[in-house]
Amino acid sequence: MASCPTAFFCNHAATASPWSSSRTGTRRSFCRRSSVKATINAKLDQKTSLQYKKLGDSDLVISEITLGTMTFGEQNTEKEAHEILSYAFENGINALDTAEAYPIPIKKETQGSTDRFISSWLKSQPRDKVILATKVSGYSETASYLRDNATVLRVDAANIKESVEKSLKRLGTDYIDLIQIHWPDRYVPLFGAYSYDFSKWRPSVPFVEQLKAFQELIDEGKVRYIGVSNETSYGVMEFVHAAKVEGLPKIVSIQNSYSLLVRTRFEIDLVEVCHPKNYNIGLLAYSPLGGGSLTGKYIDINSEAAKNGRLNLFPRYMERYNKSIAREATIKYIETAKKHGLTPVQLALGFARDRPFVTSSIVGATSVNQLKEDIDAFLLTERPLPPEVVADIEDIFKRYKDPTIF
């Protein structure tokens with residue numbers, strides 16, 4: 001199990017794209033799509049603002065894009081982080097996602113830098129206008145340095161409280177809007193592992209104990225709402241059941257990977273659990289660009305964009321996108337985007353945007369130009385995607401169901 005957090009910590013953000021100048025630093029673009037008569041892009045004068053949704057049963061009204069920040073302190077300087085944060089909030093984003101373990105990839109030397117960069121920016125912002133989400137780390141035998149005196153990280157009362165207290169201090173705030181368990185305390189197949197290994201089962205911290213610890217923090221005014229991340233339907237159900245039986249706080253969110261390349265696990269299982277008519281748990285979808293793969297920049301592995309991408313900068317980062325048929329599927333999606341006058345980014349983010357069970361998509365960017373491209377994809381791409389585009393997406397999906405598995 002110790003290897004799972006390591007694999008995860010190699011990141012789940014979207015980065016550069018060779019299809020536009022904002023992601024490559026060149027003048028090459030996909031502007032020739034304007035010559036396509038049946039273009040699906042909305043005209044610039046039809047630009048609207050981002051949309052907002054209520055997150056689960058909470059009173060948090062969250063923008064359809066949440067800013068991912070895990071590059072802050074690794075790929076981004078403090079100045080760059082502030083520029084990205086300011087652009088995000090000036091353009092309608094009202095939520096940001098961080099974690100005690102960030103930046104990615106996890107290193108003792110840089111741990112906490114993301115929070116500190118956010119803190120220095122947050123000092124000049126009205127706190128009540130920022131939905132601040134962070135995460136407490138799950139079970140880990142390799143990141144024990146996150147605690148003062150631990151050999152193994154667990155999600156028990158002591159670890160939860162220490163994590164929150166340290167996060168509050170780093171972030172320079174007296175409360176956290178949403179705290180999520182980054183990955184479970186119990187064994188589950190994570191970060192590219194898709195088969196449950198019975199031999200890896202281990203005793204885990206009871207769900208009730210975890211919820212009681214969060215209840216105390218809520219009562220103290222240090223946390224507003226709680227959620228989970230990288231979780232299964234079993235875990236979600238157990239948390240919901242324990243909360244109901246014991247009168248403890250209910251989880252309002254789940255932060256799991258979801259994109260054109262990673263659909264099946266959520267769509268055939270968790271979506272039912274999270275349905276508003278069932279348990280009403282909002283999905284915060286991370287990696288809607290498939291770790292940057294869906295931008296198309298890794299198709300030419302010798303390009304500058306590919307060489308400077310995270311999959312190459314950090315070789316252990318999401319190997320499932322490098323060592324699978326995901327590349328083949330990505331090519332099909334890029335061809336579909338071109339067919340309909342869209343960029344790969346517009347197709348991928350438009351798809352995630354339109355899913356009824358996605359409350360907000362977590363989008364990471366290492367530059368303001370990248371973030372602008374992502375926001376524009378939400379705003380300028382026809383909403384919802386036309387039926388003919390969706391039909392082509394589904395045709396590809398029938399052939400490449402979760403291609404990162406293979």
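Visitor: Which charged end sits over the ring of F397?

Guide: The charged end of K401 does, 5.3 Å from the ring centre. A charge sits over a ring if NZ of Lys or CZ of Arg is within 6 Å of the ring centre and within 35 degrees of the ring normal. There is another case: the charged end of R202 sits over the ring of Y139, 3.6 Å from its centre.

Visitor: What am I looking at, and how is it numbered?

Guide: This is a predicted model, with residues numbered from 1 along each chain as its sequence is written. Local features need pLDDT of at least 70 and side-chain atom pairs 80 or more, while totals for chains, interfaces and linings use all residues; side-chain values use heavy atoms, without hydrogens or water.

Visitor: How many helices and strands does the protein have?

Guide: It has 15 helices and 10 strands. These are DSSP runs, numbered from the N terminus: helices are H or I with at least four residues, strands E with at least two. Of the 406 residues, 60% are buried. Buried means under 20% relative accessible area, exposed over 50%, and partly exposed in between (1.4 Å probe, protein chains only).

Visitor: How do I read a ring pair?

Guide: A pair of aromatic rings is described by the distance of the centres and the angle of the planes. Rings of Phe, Tyr and Trp (its six-membered ring) pair if their centres lie within 6.5 Å; planes under 30 degrees apart are stacked, over 60 edge-to-face, the rest tilted. A search of the whole structure finds nine aromatic pairs. In one of them, F89 and W121, the centres are 5.1 Å apart and the planes stand at 50°, so the pair is tilted.

Visitor: Which parts does the pair of F89 and W121 tie together?

Guide: F89 lies in helix α3 (residues 78–90) and W121 in helix α4 (residues 113–122), so the pair links parts 32 residues apart in sequence. F89 is buried at 18% relative accessible area. W121 is buried too, at 3%. Elsewhere, ring pairs link Y258, F266, F351 and F357 into a cluster.

Visitor: How do I read helix packing?

Guide: Two packed helices are described by the angle between their axes and the distance between the axes. Axes are lines fitted to C-alpha atoms, for helices over the stretch in contact; angles run from 0 to 180 degrees between N-to-C directions. Helix α5 (residues 157–171) and helix α6 (residues 207–219) pack at about 35°, axes 9 Å apart.

Visitor: What about the backbone?

Guide: Most residues other than glycine have a negative phi, and most peptide bonds are trans. The bond from Y102 to P103 is cis, with omega near 10°. Another cis bond joins I104 and P105, omega about -5°. P103 is in the loop between β4 (95–97) and α4, and P105 is in the loop between β4 and α4.

Visitor: Where is S287 found?

Guide: In the loop between β9 (282–286) and α9 (304–307). S287 has a positive phi of about 55°, though not a glycine, and is buried at 1%. D402 has a positive phi of about 45°. D402 is found in the segment after α15 (387–399) and is buried at 2%.
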